[in-house]
Amino acid sequence: MNIPISFVVIFAILFLASAVKVLKEYERAVVFRLGRLIGVKGPGIIILIPFIDKMVKVDLRTVTLDVPPQEVITRDNVSVSVSAVVYFRVVDAAKAVVQVENYYFATSQLAQTTLRSICGQAELDELLAEREKLNLKIQEILDADTEPWGVKVSKVEIKEIDLPDEMKRAMAKQAEAERERRSKIINAEGELQAAEKLLQAAKMMEESPITIQLRYLQTLREVAAENNSVTLFPIPIDFFKAFLKKHSD
């Protein structure tokens with residue numbers, strides 16, 4: 001029985017189409033033969049046995065996971081909404097396929113619960129002022145929990161912290177009161193420094209009475225420079241001593 005050459009060619013083409021696969025540089029193929037894991041192949045050209053080998057493609061590039069806003073009650077009983085972003089990638093393709101059903105979904109759910117847990121253990125001031133510390137803590141927990149899945153969490157960033165309107169108004173009043181306190185302290189320090197300088201000037205004038213006359217003349221010069229109609233007649237203080245003495249008698 002002669003088999004037509006065209007049939008052989010078509011069969012060979014179909015065989016090669018189903019057996020030969022090309023993987024990109026960032027892709028790996030987890031190959032199963034009759035249901036058993038035989039290894040990870042790629043990148044480049046790989047050959048599978050049709051109907052016997054099955055492969056699952058795994059992307060090794062870094063994935064950006066957007067964690068949706070989570071309602072959190074901080075340790076000091078303040079309700080806030082916190083969102084974050086997680087960067088992770090697959091480092092072991094076989095574990096990512098065999099050890100967990102869907103590594104992306106599992107990492108997403110774990111990130112949400114960890115974010116709520118860590119932020120709930122912190123006070124509001126710590127949550128606002130020490131983000132780097134909380135980011136590192138969340139990243140370490142996620143990295144340890146996803147290691148059995150062949151997933152490496154490289155970075156976690158808390159993105160937004162939404163406060164209730166009442167808390168925003170209270171914090172604005174607190175900031176305003178703090179600035180007012182600083183303003184009063186600076187003003188008081190200025191008055192203290194001015195008083196100290198005036199005391200030094202008074203002691204110098206007491207030691208040298210002629211400085212009082214010089215200061216008096218300088219004041220007259222400053223008044224005259226204003227181009228006003230005020231006329232000042234300097235009268236020595238000694239002129240009034242006779243009248244003051246007579247009135248006291």
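**View 1. Helix α5 lies across β7 and β8.** Helix α5 covers residues 131–146 and runs at about 145 degrees to β8. Contact here means heavy atoms within 4.5 Å. Helices (H or I, at least four residues) and strands (E, at least two) are DSSP runs, numbered from the N terminus. Axes are lines fitted to C-alpha atoms, for helices over the stretch in contact, and angles run from 0 to 180 degrees between N-to-C directions. The model is predicted: local features need pLDDT of at least 70, side-chain atom pairs count only at pLDDT 80 or more, and totals for chains, interfaces and linings use all residues. Residues are numbered from 1 along each chain as its sequence is written, and side-chain values use heavy atoms, leaving out hydrogens and water.

**View 2. Helix α3 lies across β6, β7 and β8.** Residues 103–120 form helix α3, which runs at about 35 degrees to β6.

**View 3. Three strands form an open sheet in the order β6-β7-β8.** Pairing is antiparallel; two strands pair if DSSP finds at least two bridges between them. Because β6 (63–73) and β8 (151–162) stand at the edges with a single partner strand each, one side of each has no neighbour in the sheet. On average, neighbouring strands of this sheet are turned by 25 degrees against each other, direction ignored. Nine bridges join β6 to β7 (residues 79–90), and V67 stands opposite A84 in β7.

**View 4. Strands β2 and β3 form a hairpin.** β2 (residues 27–33) and β3 (residues 36–41) pair in the antiparallel sense over five bridges. V30 has V40 in β3 as its bridge partner. Two residues lie between the strands, and L34 takes a positive phi near 55 degrees.
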